[in-house]
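Please read it alongside the sequence and the structure.

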Amino acid sequence: MCGVVGVAAHGPVNQLLYDALTVLQHRGQDAAGIVTMKDGRLFLRKDNGMVRDVFMTRHMMRLIGEFGIGHVRYPTAGTSSSAEAQPFYVNSPYGITLAHNGNLTNAEVLAKELYQDDLRHLNTSSDSEVLLNVLAHEMQNLGKTSPTPQDIFTAIGSMYQRLEGAYAVVAMITGHGLIAFRDPNGIRPLIFGERLADNGGTEYMVASESVALTGAGFSIVRDIKPGEAIYIDLDNQLHTYQCIEPKEYTPCIFEYVYFARPDSIMDNISVYKARLRMGEKLAQKILNEWGEEHDIDVVIPIPDTSRTSAMELALQLNVKYREGFMKNRYIGRTFIMPGQQQRKKSVRQKLNAVPLEFKNKNVLLVDDSIVRGTTCHEIIQMARDAGAKKVFFASAAPPVKFPNVYGIDMPARSELIASGHSDEEVREIIGADRLIFQDLDDLIEAVKDTKHSRVEGFDCAVFNGCYITGQINEAYLDYLQQQRNDMAKSQSSGVQVISDTPVDMTGVQEG
């Protein structure tokens, strides 16, 4: 999962982009990048690391211009080298730079087409570079030095005919403006907003989540529709166009379960309210299956994502809610960390139990989901070490049984604890006295908002194996297995060829 942002303003955008990426940091901690545009030139800074570590004062001073895009990344497959940090750049035609959240499921086919038919060279294994070169090729086919907005939309429409999978894209065409577009199913989120500049003009921001907009003082206009593109020219005029007929409107349900910030509004659905309803639904299932005599003394969330669900669950059960784990916020999210041993070690570095809340109590631990099960096992043992009599475990999501192919770094299927194991077997493996999962129908009911949202359904493939875009077969899943298993990640390496070099700008090098 990644986070993207694009800004078209009437003043410097470097600080706006930096602040937005900081707000979106939860979507990726592996790498960060910003590219700005001024007087027909692009200025780039990207590297491995968190936003605060990648951008120093000297870098920010070089990121000049009133248009720009940014990206935060974690590796979805293979290398975590800074060679794959975004945004990417291609010089022909015009000079185009692009940042992308999602995954192209036909990236390998497209890469061959780009080399054999389009005569384009790819320098990384990233599908984002594939996407950029497809865009560049379709723009090249226009054969125009000064494309109109409709020309640009035509090129993007041609892209849609070639791309498969999930994608939310922000890009800049040097000397022309900023574009953003979203896959025909709306699987990956993308929203835009506006604000009034000091000179009276309108400024625009596009981002993965609404919090990036509201945090910078932009008012939300709306989500970009599935199959829609927007273009903001150098005069800050907004153009929108439905480039392809949208398919079934099905955003990724895991955004609401885990990835998105609770204060975000995605596809006109409040993430916070969705998580409250998850807790409510889960509490009802506990009452139905465990009965009124559930023997739970206290409900404790596993920070941070599960807090909202856990609070509502405790309220519905009429049981005390307590913060039993204190979090060290200077340790990265274990879900994002590549390597099983690194994840396992980081759990006790990241969380510390408060014995007062555990001693001689039957504790219900609540988490947003169970993926590998390694973290759950460690946390349950921490609860026992802190003095808990019994440790029950509740997942606000159903069992994760299938890999994600649309941009979330779910492990290989063999590493998913619920794949090939019954709920009872999962309970034994993680060491809980009792275990309960959310039902998929209840999760869908909790997330959908028929009153405010036009969403028709959700991509629930990680739970039910039904891939919304189709064309996902066993061969492709086996390919992902090879790409994503921990051994492959540990053995992969990349070479950084160009980093921190202002694009199309002579005489300026990294100091």
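Two strands pair if DSSP finds at least two bridges between them; helices (H or I, at least four residues) and strands (E, at least two) are DSSP runs, numbered from the N terminus. This is a predicted model, in which local features need pLDDT of at least 70, side-chain atom pairs count only at pLDDT 80 or more, and totals for chains, interfaces and linings use all residues. Residues are numbered from 1 along each chain as its sequence is written, and side-chain values use heavy atoms, with hydrogens and water left out.

| Pair | Sense | Bridges |
|---|---|---|
| β20 (residues 362–367) and β21 | parallel | six bridges |
| β21 and β22 (residues 434–437) | parallel | four bridges |

From β20 the chain passes through helix α12 (residues 374–385) to β21, a right-handed β-α-β crossover; right-handed means that, with the strands pointing away from the viewer, the path from the first strand over the helix to the second runs clockwise. On the β22 side, F393 stands opposite L435. The chain goes from β21 to β22 by way of helix α13 (residues 423–430), and this β-α-β crossover is right-handed. Five of the six residues of β21 (residues 390–395) are buried, so this strand is largely enclosed by the rest of the structure; buried means under 20% relative accessible area (1.4 Å probe, protein chains only).

A further sheet is open and antiparallel, with six strands in the order β5-β6-β7-β8-β12-β13. Its edge strands, β5 (88–90) and β13 (238–242), each pair on one side only.

How values were computed. Buried < 20%, exposed > 50% of the residue type's maximum accessible area, 1.4 Å probe, protein only.
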